[in-house]
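The sequence and the structure are shown first, and the description follows.

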Amino acid sequence: MRFFQLGTLGDLRDRDLVRLDGPPEGMKMRSYTLARGKPATPHFPKPARVVLAEEYPGIKLSTLLGNAHNHLVVRSDLKAVIEENCQDIPVEYLPFDLYDHRKRLYSRDYFFINPLGSRDCLDPQASKVEIGPEGSVIHVGSFVLDRKKVDALPALFRVLEAPSTYVVSQALATALEAKAFTNVQLDLLDFSTSA
């Protein structure tokens, strides 16, 4: 089985695309929950509202909305594919209202997707995982999977050493590609060569 890293930046070359500049208004410092797989529902505003920033003038909506905050933000049709493939794992699906640069309602068709927790899947040596003096991960050089750890991995998950990284299985990647979703970038991950 193959696995792919799912990017959250989107296509940086297309300046016309909508790009988000942060979490919903009111989340403040709790927005880390959306990027690291911690429960966000207790801190997620109701109703949730995201206003496009002047720094990102793009107005073209895509299936996945790019952002630099490691938030997985998708349209309802992509959300439906994720839901269908991820029934056996805990995932938060958090709707929000998207407002344009003039603070007018632009769309009610998007969700923050927050797969909870993370999975041990990397070969630490091949991935060049750097551990700090306190035992925490400082840096992951590259994402190289350990074949001995992938048998029980779900369709969508976060990497233990880098929880802001999203990985999808071959089955989910195939389902996403079949729908021709826009602004979805999947990068094939390598397996370590060690036995």
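Which residue forms a salt bridge with Lys 148? The partner is Asp 146, and the closest N and O atoms of the two are 3.9 Å apart. The model in which this pair is found is a predicted one.

## Salt bridges

Lys 148 is exposed because its relative accessibility is 59%, over the 50% cut-off. Asp 146, with a relative accessible area of 9%, is buried, since that category covers values under 20%. The count of salt bridges comes to nine. In general, side chains of opposite charge can pair when their charged atoms come close.

A further salt bridge joins Arg 49 to Glu 25, with 3.1 Å between the closest N and O atoms. This pair links distant parts of the chain, 24 residues apart: Arg 49 belongs to strand E3, while Glu 25 is in the loop between strand E2 (19-20) and H1. Arg 49 counts as partly exposed at 27% relative accessibility, and Glu 25 counts as partly exposed at 41%. Lys 149 and Asp 120 also form a salt bridge, their closest N and O atoms being 3.0 Å apart. Here too the pair links distant parts of the chain, 29 residues apart: Lys 149 is in the loop between strand E10 (144-145) and strand E11 (156-159), and Asp 120 is in the loop between E7 and E8. Both residues count as partly exposed, Lys 149 at 26% relative accessibility and Asp 120 at 40%.

## Strand E7 and its partners

Strand E7 covers residues 105-115. Strand E6 (residues 91-99) runs antiparallel to E7, and eight bridges join the two. Within this pairing, Glu 92 has Asn 114 of E7 as its bridge partner. E6 and E7 form a hairpin with five residues between them, and in the turn Lys 103 has a positive phi of about 65°.

Strand E5 (residues 72-75) also pairs with E7 in the antiparallel sense, over four bridges. Opposite Arg 75 stands Tyr 110 of E7. Another residue of E7 is Tyr 106, which is partly exposed at 31% relative accessibility. Together with Ile 59 and Leu 61, Tyr 106 forms a nonpolar patch on the surface, with about 250 Å² of accessible area in all.

## The nonpolar cores

The largest nonpolar core has 22 residues, of which Leu 72, Cys 86, Ile 113 and Leu 156 touch the most other members. At least two residues of this core come from each of strand E1 (3-6), E5, helix H2 (76-85), E6, E7, strand E12 (162-169) and H3. A second, separate core contains 16 residues, among them Ala 48, Leu 65, Tyr 110 and Phe 112.

Phe 111 is likewise found in strand E7. At 14% relative accessibility Phe 111 counts as buried. Beyond residues up to four places away in sequence, Phe 111 touches several others, including Leu 72, Val 73, Val 74, Tyr 93, Leu 94 and Phe 96. Phe 111 and Ala 40 are 71 residues apart in sequence, and their C-alpha atoms are 13 Å apart in space.

## Helix H1

Helix H1 spans residues 32-36 and contains Thr 33. With 1% relative accessibility, Thr 33 counts as buried. Leaving aside neighbours within four places in sequence, Thr 33 is in contact with Met 27, Lys 38, Pro 39, Ala 40, His 43 and Asn 114.

## Backbone features

Most residues other than glycine have a negative phi, and most peptide bonds are trans. Against this background, the peptide bond from Lys 46 to Pro 47 is cis, with omega near -5°. Pro 47 is found in the loop between H1 and strand E3 (49-51).

Lys 128, although not a glycine, has a positive phi of about 55°. Lys 128 is in the loop between E7 and strand E8 (129-131) and is exposed, with a relative accessible area of 60%. Asn 183 has a positive phi near 70°. The place of Asn 183 is the loop between helix H3 (170-178) and strand E13 (186-188), and with a relative accessible area of 13% Asn 183 is buried.

Definitions and conventions:
Residues are numbered from 1 along each chain as its sequence is written. This is a predicted model: local features need pLDDT of at least 70, side-chain atom pairs count only at pLDDT 80 or more; totals for chains, interfaces and linings use all residues. Side-chain values use heavy atoms; hydrogens and water are left out. Buried means under 20% relative accessible area, exposed over 50%, partly exposed in between (1.4 Å probe, protein chains only). Contact means heavy atoms within 4.5 Å. Patches are made of residues with over 30% relative accessible area and no salt bridge: like charges are joined within 9 Å, nonpolar side chains (Val, Leu, Ile, Met, Phe, Trp, Tyr) within 5 Å. Accessible areas come from the Shrake-Rupley method with a 1.4 Å probe; for residues, only the protein chains shown count as cover. A salt bridge is a side-chain nitrogen of Lys or Arg within 4 Å of a carboxyl oxygen of Asp or Glu. Two strands pair if DSSP finds at least two bridges between them. A nonpolar core is a set of buried Ala, Val, Leu, Ile, Met, Phe, Trp, Tyr and Cys residues joined through side-chain atoms within 4.5 Å.
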